[in-house]
Amino acid sequence: MIEPLGKDLLGLEPLSGDQIRLILDTAEPFKEISERAIKKVPTLRGSTIVNLFFEASTRTRVSFEFAEKRLSADTVNVASSGSSVSKGETLVDTARNLEAMRIDMVVIRHGASGAAQFLAERIESNVINAGDGTHEHPTQGLLDLLTLRDHFGKLEGLKVCICGDVLHSRVARSNIWGLKKMGAEVGVCGPRSLLPNCIDEMGVTVFSRVEDAIQWADALNVLRLQLERMHAGYIPSLREYNRVFGISSERLARAPKDLLILHPGPMNRGVEIDSDVADGPHSVILNQVTNGVAVRMAVLYLLAGGKPELADAAKGGGGR
Amino acid sequence: MTDRHTIVLDARAMDRTLRRMADEIVELNDGTDDLIIVGIQRRGVQLAARIVSSIKEREKADVPSGALDITLYRDDLQTVGPRPVVGPTDLPWAIDGKHVVIVDDVLYTGRTVRAALDELADFGRPRRIGLAVLIDRGGRELPIQPDVVGKTVEVAKRDRVDVLVAELDERDAVILAGAGDT
């Protein structure tokens, strides 16, 4: 018996391998729903979900919104600009006010690490972390795992190297936790200034040369150079970064096998990844986006319902 | 445990029953044209496959078949919570204007069939939807009636009827599990 996920999804670090596998397995049948003419099932009919985005996001917000709508939930989007947040309301006050309007779930994206947990401990609704600071972005980690599993059939023993700006990347952290729990080997590669100090304690192989990483890995997860977080001169210049760490087809041609290429987006073409690689035959970047909707549907489904007090009221029924 | 098991159908009787059901489905449809057989996950899918192969044997016709998982159409998510495993739905045929026959193992409250009807409506508008069940155990909570029944059994509410299929359970049988065995 697998331990239920609980009220919230805050990160992959607190989950067990079995729980992660449950989410990935549950995502499989959800893929089919998005291929139907009527892309909708009534599962979350009557549930209200608030997407609370304090940071810019297109892919993740739209992906969550599609996932919610394809499960028939009612959704409301709140962005920090144009809302009472810009008037100085605190996170908890905003959420409690939303909760007073009887909502069931909050999907939160926030610039501060730990914001999702902070909120989850203070409201009754289910909280899903859609990225908090440099901490975790669990649904991105899950969709990366699903895309890798689709391609390789399994995650055990797989060698995945996360390349680039690991320091600022919540995607990297969720990937490292998730991959290791599923029995994969994880490498990281990037300039030392963009690797966290604690990286040696995370049980990963550190490559300082991208050529070595390419020799070792089965798949590369190429991270975005987070230009908006680059205030402190982590790298000399974008051109130099591209020359030393950029993933180019010339570099990949020297690999002993074809490497699967992932990128969580948005891409800086010509910086961390060259266009011919991003659009090349081994790129699964758009598969990741497709899988994102299925994974988020699975998470919403697994966190929803199961209210014991309602179960008592509705005793009997069910069955065949 | 004070369980008592009664065999309702053994493997041979189950095979015979499924063949008769296949014949009745063809009769109901007046042939095999426009017929689509859809099994409900899980054991309905295996039963549907048996019915399809029986029709092929007797009528020399390949009847298209599909699988439906109704988990996401259940009406009890808010009360009992998510079922751990959702099976695949695989309905690669256009069902508009066709005669769809739903196949399930046990008909009880009718709630599964209600969910299956809702799900089918999301795939198209069949000319007719029929229902074939291996076991009808009564106890309906919704106004739903089967068109083709393998066997009707009268059982108490607390009893359980288990359909076993070789593909999943290593043998074919229908077993009535009495009270105490839960």
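**View 1. Buried residues of helix α2 in chain B.** In this predicted model, the buried residues of α2(B) are B:R43, B:G44, B:V45, B:Q46, B:L47, B:A48, B:R50, B:I51, B:V52, B:S54 and B:I55. Buried means 20 or more other C-beta atoms within 10 Å of the residue's own, with C-beta placed from the backbone. Helices are DSSP runs of H or I, at least four residues; strands are runs of E, at least two; both are numbered from the N terminus. Helix α2 of chain B covers residues 43-59. Its 17 residues should span 24 Å at 1.5 Å a residue, and the end C-alpha atoms are 24 Å apart, so the two agree. The expected span is 1.5 Å times one less than the number of residues. B:K60 follows the helix with a positive phi, near 55 degrees.

**View 2. The open sheet of chain A.** Five strands run in the order β7-β6-β5-β8-β9, with parallel pairing. Pairing takes at least two DSSP bridges. β7 (205-207) and β9 (260-262) stand at the edges with a single partner strand each, so one side of each lacks a neighbour in the sheet.

**View 3. Strands β5 and β8 of chain A.** β5 (residues 159-163) and β8 (residues 219-222) pair in the parallel sense over 4 bridges. A:I162 stands opposite A:N221.

**View 4. Surroundings of A:D165.** A:D165 lies in the loop between β5 and α6 (170-181). A:D165 counts as buried because 27 C-beta neighbours lie inside 10 Å. A:L227 is 62 residues away in sequence, yet 9.9 Å away, C-alpha to C-alpha.

**Notes.** Residues are numbered from 1 along each chain as its sequence is written. Chains are lettered from A in the order in which they are written.

Definitions and conventions. Predicted model: local features only at pLDDT ≥ 70, side-chain atom pairs only at ≥ 80, totals over all residues. Buried ≥ 20, exposed ≤ 12 C-beta atoms within 10 Å, placed from the backbone.
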